[in-house]
Amino acid sequence: MPILDQGYQHWDGALAGRGLRWLAITRQGVKAQFKNRWLISVLVGALGPALLLAGFLIAWGLFEQKAKVLDPLLFLFQGLPEEIRQGPAAFRSTFWTLAFTLFFRVQTFFAFLLVMLVGPDLISQDLRFNALPLYLSRPLRRIDYFLGKLGVIAAFLAGTMLIPALLAYLIGLAFSLDPAVLGDTWRVLGASAAFSAVAAVSMGLLMLALSSLSRNSRFVTVMWVAFWMLGNAAADAARRGPGREWAPLASYSACLASIRDSLFDREAEWDRLTEVFRKSREAVSGGFGGGLGFPFGPRRPPPMIFGPDGQEIPMPPELTDDEDPRPPWPWSAGVLAGMAGASAAGLSTRVPSLARLK
């Protein structure tokens, strides 16, 4: 068999900068993940909350304009206080904030599933097949290897959190037809981008650290699920003790939720909405009680109240917050930062350089 000496061959392809070498690993990793049917199912399921968010923003924009096309759905707005029904634009930022906060609350669960499906093989498989020398013998540094693997997780999380939120925001702008909507809701857009970045970096580093601890990807999956479940169980158990206000710090999901609520300023918007509903209930019940002359005790109106013209006056519901207690956001940020630092240190130890591999 003859041996052909090809010699030097000129490279005619496009040259990229050294700072983007990690993109090759991310690109290949994302393509490989689409062979997983479970992953595709989760991605399809994650579209549901995004569609609901976009639908709500469309309905709210039409409600602000008093559009006739919304007449068949006006029964959905009957429970709102009169102040909101008369001037919905004044409460635009409140409802947008609460809608996006609920969206990211649901998407955090899908992010947990996606990282569980995508992350375990990223490093453990390279350790199992001894592929690290093949990576590092090329013009790649360890930081490029880590960024490439982290980019795989970040790409899927951006596809389920940031990109749907951005598209829903643009749809909301299009249906509001009010130039002031951008000034009222810019914080929602910034908080969406910031929380998506925090979730991607925090979850990504944690999963990569767990993936580097074992050559068995199934064991990594078990560690990921156990980390979330044991953290929530520890937080629930600590709430029965004397330091119950600090108990949520043991829960990774509670720390993420605390950062999310702080970025969106959810508590202030929820308090504002609760105050409007409270005043509306007092006004309706006060008018009813005064008409029948209840002089003593608390006034408790019946389920249906009728005005002088015989029409039913809807009683605004009493809002209750079903969110779990949140730790203070600076402490939550400290916990997440400490976990990210520990994950980075673990990665540096578990994934040696090429010189140590030799």
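This is a predicted model: local features need pLDDT of at least 70, side-chain atom pairs count only at pLDDT 80 or more; totals for chains, interfaces and linings use all residues.

Me: Is Asp-265 buried, partly exposed or exposed?

Reply: Residues are numbered from 1 along each chain as its sequence is written, and side-chain values use heavy atoms, with hydrogens and water left out. Buried means under 20% relative accessible area, exposed over 50%, and partly exposed in between (1.4 Å probe, protein chains only). Asp-265 has 32% relative accessibility and therefore counts as partly exposed.

Me: Where does Asp-265 lie, and what is its phi near?

Reply: Most residues other than glycine have a negative phi. Asp-265 has a positive value, near 55°, and lies in the loop between α10 (252–264) and α11 (266–292). Helices here are DSSP runs (H or I, at least four residues), numbered from the N terminus.

Me: Which residue with positive phi follows α5?

Reply: That residue is Asn-130, with phi near 55°. Asn-130 belongs to the loop between α5 and α6 (132–136), and it counts as exposed because its relative accessibility is 53%. Helix α5 itself (residues 120–128) has buried residues, among them Leu-122, Ile-123 and Leu-127.

Me: How many salt bridges does the structure hold?

Reply: A salt bridge is a side-chain nitrogen of Lys or Arg within 4 Å of a carboxyl oxygen of Asp or Glu. The structure holds 9 of them. One joins the side chains of Arg-21 and Asp-144, at 3.5 Å from N to O. This pair links distant parts of the chain, 123 residues apart: Arg-21 is in the segment before α1 (22–33), and Asp-144 is in helix α7. Arg-21 is partly exposed, as its relative accessibility is 22%, whereas Asp-144, at 2%, counts as buried.

Me: Which residue does Asp-184 meet in a salt bridge?

Reply: Its partner is Arg-92, at 2.8 Å from N to O. Here too the pair links distant parts of the chain, with Asp-184 in helix α8 (residues 181–211) and Arg-92 in helix α4 (residues 92–118), 92 residues apart. Asp-184 is partly exposed, with a relative accessible area of 36%, while Arg-92 is buried at 1%. Both residues belong to a network of salt bridges that also includes Glu-64 and Asp-178.

Me: At what angle do the axes of α4 and α7 cross?

Reply: Two packed helices are described by the angle between their axes and the distance between the axes. Axes are lines fitted to C-alpha atoms, for helices over the stretch in contact, and angles run from 0 to 180 degrees between N-to-C directions. The axes of α4 and α7 cross at roughly 160° and come within 9 Å. The two helices are therefore roughly antiparallel to each other, a description used for angles over 145 degrees.

Me: Which residues form a nonpolar patch on the surface?

Reply: Such a patch joins nonpolar side chains (Val, Leu, Ile, Met, Phe, Trp, Tyr) within 5 Å, from residues with over 30% relative accessible area and no salt bridge. Leu-162, Ile-163, Leu-166, Leu-167 and Leu-170 form the patch, with about 410 Å² of accessible area together. Accessible areas come from the Shrake-Rupley method with a 1.4 Å probe, and for residues only the protein chains shown count as cover. Leu-167 is found in helix α7 (residues 142–176) and is partly exposed, at 48% relative accessibility.

Methods: Patches are made of residues with over 30% relative accessible area and no salt bridge: like charges are joined within 9 Å, nonpolar side chains (Val, Leu, Ile, Met, Phe, Trp, Tyr) within 5 Å. Angles under 35 degrees count as roughly parallel, over 145 as roughly antiparallel, 65 to 115 as roughly perpendicular and the rest as oblique.
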